[in-house]
Amino acid sequence: MAAFYPTPALKKAMPWLPGHLPGTTPYNAAGGAPQPSEQQGGQPGGAPGLGDQIGVPDPGIAQHGSITIAGRTLPLPAGDWHPILTARSGAHGELSQQVLARTDRGVVSGVIVVRATQQPVPADLAEQLETPCHDDRDYASHISDRAGVSQECSYTSNAVLENQSVSTDPFITAAFSRMRTLGFPIPSLMINVGWYYAAAAGKGTAHIETVETLVAPIEHGSRQLLAPPQYWNKASVHKNPDAAQFIDALDRWMIGWSRVLRQGFDGTLNPATLVPPLINDPSAPRPA
């Protein structure tokens, strides 16, 4: 998962993507909100970094339908989505980031990690963003590139969240730390559907957006996995009918959802189209 484990090449070429905040103090280990001095970061050596900012929104807010990030529309799957953490990073604030969590009957049934560029970045970085789509451990992947115009891919994989070190990315670690401190019950494993898109912006640059949607394969209203942990890898998932059905349903949903994400990026999304079953992923809330 690029959002959880960015490739060394990508981190070297663009240190602030996908989530390292140059010079900022990570979210404090105790899980509380950053102090005022922590909310504005800086470059190494103490110089202020204009784009390095962390925001701690009110998690009591419930968002539906869509949100706006980097001037683009991000559609949201069904349910109540709560903002957990936001950030702007890069020397000129090139990258906007946000983590949202969905709760259903008090349990986290989904997490979204979105990153979008405010300004064009070098186009050759887009190819590195596709690396997770070529991972043999993926359940499935879909790649669609138009040379000189756009690069797009999506994939389905798993993410084990049962330990405290959720990610090597300090932004994601901070978000999950805050969720735990706030008492959000997080399942031990979630299935990630990642979407990556880069649109050429001219002169060897591109606008990039990545959306990681983690969906919990759990019984509704509990943290109980639909199948034991050993069945949630590519080699054994089809040995358990419940796990196989969930993965197949999620992959089918992601094919349609990718089109909606792209429409949000392009500015062509019609909010009236965000209706069931399009917005209903396999873990979408059901009537009580």
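**Figure 1. Burial across the protein chain.** Of the 288 residues in the protein chain, 52% are buried. Keep in mind as you browse these views that this is a predicted model. The accessible surface of the chain comes to about 12,400 Å², and carbon and sulfur atoms account for 53% of that area.

Figure 2. Strand β3 covers residues 66–69 and strand β4 covers residues 72–75. The two strands run antiparallel and are joined by four bridges. Look for Thr 68, which stands opposite Thr 73 in β4. Two residues sit between the strands of this hairpin, and Ala 70 takes a positive phi near 55 degrees there. A general point to keep in mind for this view: side chains in a regular strand alternate between the two faces of the sheet.

**Figure 3. Arg 252 in helix α5.** Helix α5 spans residues 241–266, and Arg 252 is found in it. Is Arg 252 buried or exposed? Its relative accessibility is 58%, so Arg 252 counts as exposed, the cut-off for that class being over 50%.

**Figure 4. Arg 252 and Asp 281.** This view pairs Arg 252 of helix α5 with Asp 281, which is 29 residues away along the chain. The C-alpha atoms of Arg 252 and Asp 281 are separated by 9.4 Å.

Terms used:
Residues numbered from 1 in each chain as written. Predicted model: local features only at pLDDT ≥ 70, side-chain atom pairs only at ≥ 80, totals over all residues. Heavy atoms only, no water. Buried < 20%, exposed > 50% of the residue type's maximum accessible area, 1.4 Å probe, protein only. Areas by Shrake-Rupley, 256 points an atom, 1.4 Å probe, with all protein chains shown as cover. Pairing = 2+ DSSP bridges.
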